[in-house]
Amino acid sequence: MDGKNRAASSYLSPGNPPADKEQNDPLAGVLNKSSFIKNMEQLKEREVVPTAVICVNINDWLFVHNNFGEEESDRLIVTVADILKKHADEQAIIGRIGGDAFHILLPMTEEEEAREYCRKV
């Protein structure tokens, strides 16, 4: 089987099921920071290359939070997470790293494929 067609879970350690509630950010529905880092370390250990790394930060998120409240800033987080998930393939590993920061790992992804994902997002 071609590596490009393998799900990200196939690159990770056996016995690590897809993210459960403890591994997910409850608001965004993506991996939390510690689970994302664990997945990233497993990709590194298995020498899965190339792996594209994309960092996403929501500009002016704090402005939204301070001026429109927590409910609206949470809605913005969920909207961004949904967009990131919508355009990702099954091998993508998406994590919320901080309040307004997300990181995406795209195993077995060449530069142009990563750029295309960024254009879609």
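This is a chat about the fold of one protein chain in a predicted model.

Colleague: I'm new to this one, so how many helices and strands are there in the protein chain?

Modeller: The model is a predicted one, and in it the protein chain has four helices and three strands. Followed along the sequence, these elements come in the pattern α-β-α-α-β-β-α.

Colleague: And what share of the residues counts as buried?

Modeller: Of the 121 residues in the protein chain, 35% count as buried. As for contacts between residues at least 6 apart in sequence, 66% of them join residues that are at least 24 apart.

Colleague: Let's go to the sheet. What is the order of the strands?

Modeller: The three strands make an open sheet with the order β1-β3-β2, and the pairing is antiparallel. Strands β1 and β2 stand at the edges with a single partner strand each, so each of them has one side left without a neighbour in the sheet. From one strand to the next, the twist averages 15°.

Colleague: How many bridges join β1 to β3?

Modeller: Strand β1, residues 51-57, is joined to β3 by seven bridges, and the two run antiparallel. Within that pairing, Ile54 stands opposite Ile104 in β3, while Val56 stands opposite Phe102, also in β3.

Colleague: What about β2, how many bridges does it have with β3?

Modeller: Strand β2, which covers residues 93-96, pairs with β3 over four bridges in the antiparallel sense. The two strands form a hairpin, with four residues between them. Ile94 has Ile104 in β3 as its bridge partner, and Ile104 is also the residue that Ile54 stands opposite. In general, strands of a sheet pair through backbone hydrogen bonds, either parallel or antiparallel.

Colleague: Is strand β3 largely enclosed or left open?

Modeller: Strand β3, residues 101-107, is largely enclosed by the rest of the structure, because six of its seven residues are buried.

Colleague: Which helix packs on the sheet?

Modeller: Helix α3, residues 70-86, packs on the sheet and touches β1, β2 and β3. The direction of α3 makes about 10° with that of β3.

Colleague: Changing topic to helix α1, what does the side chain of Asn39 reach?

Modeller: Asn39 has its place in helix α1, residues 33-45, and its side chain reaches the backbone oxygen of Ser35 at 2.7 Å. Asn39 is also buried, with a relative accessible area of 13%.

Colleague: Now the loops. Which peptide bond is cis?

Modeller: The peptide bond from Val49 to Pro50 is cis, and its omega is near -5°. Pro50 is found in the loop between α1 and β1, and Glu47 is found in that loop too. Glu47 has a phi near 55°, which is a positive value in a residue other than glycine.

Colleague: Why pick those out?

Modeller: Most residues other than glycine have a negative phi, and most peptide bonds are trans.

Colleague: Where does Asp60 lie, and what is its phi?

Modeller: Asp60 lies in the loop between β1 and α2, and its phi is near 65°, again a positive value in a residue other than glycine.

Colleague: Are Glu47 and Asp60 buried or exposed?

Modeller: Glu47 is exposed, with a relative accessible area of 65%, and Asp60, at 58% relative accessibility, counts as exposed as well.

Colleague: Last topic, the second largest pocket: how many residues line it?

Modeller: The second largest pocket is lined by 11 residues, and those lying nearest its centre are His87, Asp89, Leu106, Glu113 and Tyr117. About 150 Å³ of space lies in this pocket.

Colleague: Which helix gives the most to that lining?

Modeller: Helix α4, residues 111-120, gives the most to the lining of the second largest pocket, with four residues.

Notes
Residues numbered from 1 in each chain as written. Predicted model: local features only at pLDDT ≥ 70, side-chain atom pairs only at ≥ 80, totals over all residues. Heavy atoms only, no water. Buried < 20%, exposed > 50% of the residue type's maximum accessible area, 1.4 Å probe, protein only. Polar contact = N/O pair within 3.5 Å; in protein donor to acceptor, adjacent residues only side chain to side chain. Pairing = 2+ DSSP bridges. Axes fitted to C-alpha atoms, helices over the stretch in contact; angles between N-to-C directions. Contact = heavy atoms within 4.5 Å. 1 Å grid on protein atoms, 1.4 Å probe; cavity = no way out; pocket = protein on both sides within 12 Å on 5 of 7 lines; lining within 4 Å. Points joined across faces, edges and corners; volume = space filled by probe spheres on them.
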